[in-house]
Structures are given as C-alpha cells and as structure tokens.
Amino acid sequence: MTDEALDALARRVLLDAARRSCAGEAPAHDFSPAFSRRMKKLLRRAGHPVRWRLVRAAACLLLAAALGGGSLVAFVPAARAAFTGWVRELYETWFVYRRAGAARPIPENTVYCADWVPAGYRQRTAPVPGSFVRALYEDADGRILNLSYLTGAQSASLDVEWEGAEVCPVQVGGLAADLYRNPEDGPSILVWTDEEKDAVFWLAGALPEADLLRMAESVRLSDPLPRAYRITWLPLCYGGYCVAGETGGEGWKETVYESSEVSVAFGYGPPARAPQGEGTARTVTVHGQPAPLYASGGEYLLRWTPAGEEDAVLWLRGNILPEELVQLAESVEVDLSRYSDMAEIQTAEVVEGPTLPAVARALDGTFTARVEAFARRDAAAGVYMPRDYVDMVRNTCKHRVSPRRITAIRRVSALLDAIEPEEGLRQRVVSLFGPFYTASIDTSGRFTTVHICDERGVMIAAYQSGTDMWTEVATAEEMQFNYLTTQIYAAAHRKAKAAEGG
C-alpha cells in the first residue's frame, strides 16, 4: 500500500471517529490487539505525514553517513537493484543485515564451522547444511556459545536488537564487524558479513572480546559431508500419514511413513546400507536415469543413485503402486536446514527421566515443604489442588524454571509492530540482546508465523497472524517440574487422607 493510500485510509478512520464522537455513538465492537497496534501506527503517520517522512529520511542519511560508502545503496532503490552484496540497515532498535542482488545457490554438503573453541566448551549441536546453519557449544556450567549464519538467500535477513548493548566497530580477519557488547557481565553478540563466503555470521556468548574475535576468525569451510535427503510428496490417503519410525547413523537414515492404507519407507546412505532386492528387477526411470524396481509379496523396492553421488544410494519400499513409487522418488530433494527445521520441540517423555538441573534447584526443601503443607490443608478441607495452590506452583515455575518467555514475546512483538508488510515469501531471523534468544518471522503474502527459541534452540513460543495469538511451548524443565510437583502433592494428600481415616 502506498503512503498516499495509507494517509487516505487514516483520514477516513479519523473522520469516522469524529462523526461517531459528535453523534454520541459507542463503538460497535472491540478490535483485535494487532489491528489496534497497526492503526495507532497508521494514525501517527497520518497525523504528521511530512514529519514522518523527514524523520525516516534523516535516519537513513545518518546511518548511511555512519556506515559509509556502499551502505548508501540500502536506501536508494535504483542503486540497490544494481548492487550485489551485504548491507546493514537501521530499524528503530534493530540493525538489519540483508543481501542485495541475486541469491546464490545454497551449499548442499559443506558448512562453515569454527576451528578454535575456548577450552571447556564441547559441541552440543553440530552444524547442518542449509540456508540457516547453527552450531551450539556448552561448558560444564551450562553456558552456551551460539555460532550461526545465514547464507545469501535474497528472501532472508538477520535482525539484531541493539537496545541495551554498546555497539562497537571491530574487525574479523580484516572484515568490518559489529560487536554488541554487554555492559553487564553477560553474553555479547559479534556480527560480521563475508562476501566471499556469501553469509552473515553471528556469535553469541559470554566470552572476552579477544576470544570472540579469535573464534570468529577461525571459521573455515568444512570437508564435504554426506548429503541428507527428504521426500516432498506422498500419495493422497484418507486420514493422512504419521512417522511410524526412524533409524539412522553416520551418513544414512530411513524413515517409515504409515497411514490406514499405506506403509512406505524412504532411506538413503552408502551402498552397504541399502536393502537388497529379491528376484529379477525391471527397469524404470527416475529423473531420466535407469533404476531397478523389485516386487516381492505385494510390496515393491526401488533403488537409485542421485546424479553426482556415486557413493550414495536412495531407496523406497512399500505397498504402493509402482508408478506412485516412481513419482515419490522424483519428489526427493536434498534436505537443507532452515530455522524452523532446527527448532527443537521437546516431548513429555522427559518427565520421568533424570532430574534436570533447573528442576532440582527449584524443588528444594523449602518449596517441597510448601507443596506438602498445601496438600495437608486441602485434604482436611476435602479439596484437591485449588486455585491458590495452582497459582503458587505456576509462579514458582515462572520465576525459577521457565525461560524468559514473556520478555522475548514482548520484544519480538515490538519488531512485528515496527516492520512494514512485504510481498512474497520472506524470513527474518532475529537475534535478541538479553534474553539471548533467537526467533524467525516468516511471511507469505499476508500470513505471518513466528517461532521463538531459547539459547539452546528449544522452541518456547509461537505466533500465527491468522489467530493473532501467541502459544507457549513447554520446555522439558517445565514439564518435569510440573510432573514431579504433582507427584509430591498427590503423595502428601493421600498420606493426610489416610491419617484422617478418609
């Protein structure tokens, strides 16, 4: 929507509001929070359209002067169209790193990784090829180092919050970089772009500046890795499919998909890992290349080698028609990680496992005694887990176990309010400065989804513009804390009832 159209819309809203005010009419209904936030921004712009444009232009010019040289192209459409490279833009309390010009292909079997890591840190999450790549390191005290990068995909950008940070210019191996220094004793964020590697990198962690720079300067291209693959199509089936099982190891994997009618397994790996067919095979073609198809007992097995991968074999086996098996094979593509693919969602299977450190700290003697006291009181009153007990447990979980979810949601929501709608597919990866969480904002047309992850890459919250609602995603610590607390309460309640003869 153009500025003129926005101004016209805002004027119509103001005039309508004035007519209602003069006529003494009450609003017909309440607007959603998202609509209200957008209208407030519209009204501010409409009330001072010239000032708003001047402020925006002044901010752009000041930033261009501060950054110097080529960064000016970030604000001149004609220059941007002719320029190829990484630029940095100012956006209220955020710096935005994005690539101008045509996107390059994403490396399919290599990653950039650090040759040097501070003593005491071990790799927790290995980097996986894709448009978003992340490696996590952790020390014995649970402190996290996060080395991530985005490749030069034109539809993606990195947004770094600078509010609360001291932004200092530094150099990483002769490349200009920004150090978002923490004025307190906590993590900092180092960001740099590399035209040769065609990526924007960021390193977040509680390290001295010299160690951050040393680790950043050690980033090198890895040796070739085995490619991973995924299917992108399954035959239409009533009720849909579920993943019935997965097996895998170094360089190989097999996934079984099942529905009420179909069972099909897809795998890839070295030739020694591929299943062998029985009997005589007939030859079919997959992307124009010959491939053997075996039939046995109402099931089929299809094996083929992808172009340029002589040491790898892909296979499909199941009780679907041969032509569907071939169609499924031709839907296979190299599996490249994105932010949403790497966001870990934990399950309730952890609740009965070893007690997690954060849970052990929260379930100290004082809290356990409070839970048992509530249970004895409630047993005497003939009630079970009344509201005041539930509130006490929730507050304890929030302050002693839960991630800083509310703060993260508030900060990401502020960015959602500030950014302008964009056409087409787009992903913004957001790096927050305290709490040091990351998020992705994915837009497709008018639909927006958001995922927020903590410093370990565990998803803690999600948002969908269709419902305009945030959903809290429970962590393993939260699930285990609530489970163990319930066990303590239930045992004490039963004991108190038994003592009463109830």
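Accessible areas come from the Shrake-Rupley method with a 1.4 Å probe, and for residues only the protein chains shown count as cover. On that basis the protein chain has an accessible surface of about 26600 Å², 54% of it belonging to carbon and sulfur atoms. This is a predicted model, in which local features need pLDDT of at least 70, side-chain atom pairs count only at pLDDT 80 or more, and totals for chains, interfaces and linings use all residues. Residues are numbered from 1 along each chain as its sequence is written, and side-chain values use heavy atoms, with hydrogens and water left out.

**Confidence**

- The chain averages a pLDDT (the predictor's confidence in each residue, from 0 to 100) of 83, and 82% of the residues score at least 70.
- Residues 1-29 have a pLDDT below 50, and this stretch has 19 contacts beyond near neighbours in sequence; a contact means heavy atoms within 4.5 Å.
- Residues 40-82 also stay under 50 in pLDDT, with 41 contacts beyond four places in sequence.

**Overall make-up**

- The protein chain holds twelve helices and 26 strands, which are DSSP runs numbered from the N terminus (helices H or I, at least four residues; strands E, at least two).
- Of its 502 residues, 44% count as buried; buried means under 20% relative accessible area, exposed over 50%, and partly exposed in between, with a 1.4 Å probe and protein chains only.
- Among contacts with a separation of 6 or more, 56% are between residues 24 or more positions apart.

**Second largest pocket**

- A pocket is an open set of points on a 1 Å grid over the protein atoms alone, with protein on both sides within 12 Å along at least five of seven lines, where a 1.4 Å probe fits; lining residues have an atom within 4 Å of a point.
- The second largest pocket contains about 1100 Å³ of space, a volume being the space filled by probe spheres set on the points, which are joined across faces, edges and corners.
- Its lining has 41 residues, of which Val-401, Ser-402, Pro-403, Thr-475 and Glu-477 are the closest to the centre.
- Elements giving two or more residues to this lining are α8 (357-362), α10 (387-400), α11 (405-418) and α12 (476-499), and α12 gives the largest share, seven residues.
- By class the lining has 17 nonpolar, ten polar and 14 charged residues; Ala, Val, Leu, Ile, Met, Phe, Trp, Tyr, Cys and Pro count as nonpolar, Asp, Glu, Lys and Arg as charged, and the others, Gly among them, as polar.

**Buried residues and their contacts**

- Leu-415 is in helix α11 and is buried, at 0% relative accessibility.
- Leaving out residues up to four places away in sequence, Leu-415 touches Trp-94, Asp-159, Val-430 and Ile-441.
- Asp-159 is 256 residues from Leu-415 along the chain, with 9.3 Å between their C-alpha atoms.
- Glu-309 lies in the loop between β19 (299-304) and β20 (313-318) and is buried, with a relative accessible area of 17%.
- Beyond four places in sequence, Glu-309 touches Arg-227 and Tyr-229.

**Backbone exceptions**

- Most residues other than glycine have a negative phi, and most peptide bonds are trans.
- Asp-198, in the loop between β10 (188-194) and β11 (199-205), has a positive phi near 55° and is buried at 6% relative accessible area.
- His-287, in the loop between β17 (282-286) and β18 (289-296), has a positive phi near 55° but is exposed at 55% relative accessibility.
- The peptide bond from Gly-434 to Pro-435 is cis, with omega near 0°, and Pro-435 sits in the loop between β22 (425-431) and β23 (438-444).
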